[in-house]
Amino acid sequence: TMQVNESLENYLEMILILQNKKGYARSIDIATELGVTKPSVSHAMKLLRENNYIVMKPDGAITLTDTGSEIAERMYERHKTLAHFLMSLGVDEETAFDDACKIEHDISDQSFEAICRYIKQQL
């Protein structure tokens, strides 16, 4: 399997978010939400499809495979956890979610797990 890089993780996560919201994702919605061009989305979808992370229906609807879902869910969990952590420190919601997106790919598992433990203690 290919190494899923940061931008592909973002695409998988966005497909998950759209799938949860509307039941499916389309290239145009992904482009709009991520603020990228349609050709960028097409290229990413081609890679994700070739590696069996997504399925594209004839009508253009994009859905995650089990493998794609697994990665997307993990990234989305990280994203929400980091955002809530930042919000608990007094960061406003929009900034917290933006920053969480930047942090989620680069943070080590060790640091992320430490943050999760810290949050659980605060609850």
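This is a predicted model: local features need pLDDT of at least 70, side-chain atom pairs count only at pLDDT 80 or more; totals for chains, interfaces and linings use all residues.
**Stop 1: helices α1 and α3**

Start by selecting residues 6–22, which form helix α1, together with residues 38–50, which form helix α3. Their axes are 10 Å apart, and the helices pack at an angle of about 90°. An angle from 65 to 115 degrees counts as roughly perpendicular, so that is how α1 and α3 sit relative to each other.

Now show the side chains where the two helices meet. On the α1 side, pick L8, Y11, L12 and I15; on the α3 side, pick S40, V41, A44, M45, L47 and L48. Colour this contact by residue class and you will find nine nonpolar residues, one polar and no charged ones.

**Stop 2: H79 in helix α4**

Next, click on H79, which lies in helix α4. Is H79 buried or exposed? Its relative accessible area is 10%, and since buried means under 20%, H79 counts as buried.

Bring up E13 as well: the side chains of H79 and E13 are joined by a polar contact of 2.6 Å. Beyond its neighbours within four places in sequence, H79 is also in contact with F97, A100, C101 and E104.

**Stop 3**

To finish, draw a C-alpha to C-alpha distance from F85 to Q122: the two are 37 residues apart in sequence and 10 Å apart in space.

Methods. Residues are numbered from 1 along each chain as its sequence is written. Side-chain values use heavy atoms; hydrogens and water are left out. Helices (H or I, at least four residues) and strands (E, at least two) are DSSP runs, numbered from the N terminus. Buried means under 20% relative accessible area, exposed over 50%, partly exposed in between (1.4 Å probe, protein chains only). A polar contact is a pair of N or O atoms within 3.5 Å; within protein, one must be able to donate a hydrogen and the other to accept it, and residues adjacent in sequence count only if both atoms are side-chain atoms. Contact means heavy atoms within 4.5 Å. Axes are lines fitted to C-alpha atoms, for helices over the stretch in contact, and angles run from 0 to 180 degrees between N-to-C directions. Angles under 35 degrees count as roughly parallel, over 145 as roughly antiparallel, 65 to 115 as roughly perpendicular and the rest as oblique. Ala, Val, Leu, Ile, Met, Phe, Trp, Tyr, Cys and Pro count as nonpolar, Asp, Glu, Lys and Arg as charged, and the others, Gly among them, as polar.
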